[in-house]
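I'll jot down what I looked up, in the order I looked.

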Amino acid sequence: MRVRIDPKQNEVRALKWVTDWRLKRVLDVGCGDGRLTVRLARLGALVHAIDPDGKLIRKARESLPKHLASRVRYGVGKAEDLRLPDESFDVVVFSWTL
């Protein structure tokens, strides 16, 4: 059985309401399988997505549409261990993460 998440695109509408994502540098913390990452990239964001689970990162990389490859970088990592310069991102997304 396949589960469709957000078939009415409510999440995408909410994201559009928050900001204009075009060319925003976004850090997606706890990206999991990349579902939200892909949505952000489709809205025009340049996304650096991290998750501590290497298996989920592999799945996210494998399922990333080729036309979005230049907009998304995936990496294994944790929010508390970021080694990035200040002001590396315009927006940080920490959603659906425990």
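I started with Leu23, which is exposed, with a relative accessible area of 59%. My cut-offs are under 20% relative accessible area for buried, over 50% for exposed, and partly exposed in between, with a 1.4 Å probe and protein chains only. Leu23 sits in the loop between helix 1 and strand 1. Its phi is near 60°, a positive value in a residue other than glycine.

A note on the source: this is a predicted model, where local features need pLDDT of at least 70 and side-chain atom pairs count only at pLDDT 80 or more, while totals for chains, interfaces and linings use all residues. Residues are numbered from 1 along each chain as its sequence is written, and side-chain values use heavy atoms, with hydrogens and water left out. Helices (H or I, at least four residues) and strands (E, at least two) are DSSP runs, numbered from the N terminus.

Next I checked Glu87, which is not a glycine but has a positive phi of about 65°. I found Glu87 in the loop between strand 3 and strand 4. Is Glu87 buried or exposed? Glu87 is exposed, at a relative accessible area of 71%. I also noted Gly44, which follows helix 2 and has a positive phi near 105°.

**Helix 2**

How many of the 8 residues in helix 2 are buried? I get 6, and helix 2 is mostly covered. The buried ones are Leu36, Thr37, Val38, Arg39, Leu40 and Ala41. They pack against helix 1 (10–18), strand 1 (25–29), strand 2, strand 3 and strand 4 (91–93).

I took a second look at Arg39, a residue of helix 2. Arg39 counts as buried because its relative accessibility is 11%. What does Arg39 touch, leaving aside its neighbours within four places in sequence? It is in contact (heavy atoms within 4.5 Å) with Ile5, Asp6, Gln9, Glu11 and Val12.

**The largest pocket**

Then I went looking for open space. The largest pocket has a volume of about 410 Å³. The search ran on a 1 Å grid over the protein atoms alone with a 1.4 Å probe; a pocket is an open set of points with protein on both sides within 12 Å along at least five of seven lines, and lining residues have an atom within 4 Å of a point. Points are joined across faces, edges and corners, and the volume is the space filled by probe spheres set on them.

I see 22 lining residues, with Asp33, Gly34, Arg35, Leu36 and Val38 nearest the centre of the pocket. Helix 2 (35–42) and helix 3 are the elements that give two or more residues to this lining. Helix 2 supplies the largest share, 6 residues.

**Strands 2 and 3**

Last, I followed strand 2. It pairs with strand 3 (residues 72–76) in the parallel sense over 5 bridges; for a pair, DSSP must find at least two bridges. His48 stands opposite Arg73 in strand 3.

Pro52 is in the loop between strand 2 (46–51) and helix 3 (54–63). Which residues does Pro52 contact, leaving aside its neighbours within four places in sequence? I find Val76, Gly77 and Lys78. Pro52 and Gly30 are 22 residues apart in sequence, and their C-alpha atoms are 7.2 Å apart in space.
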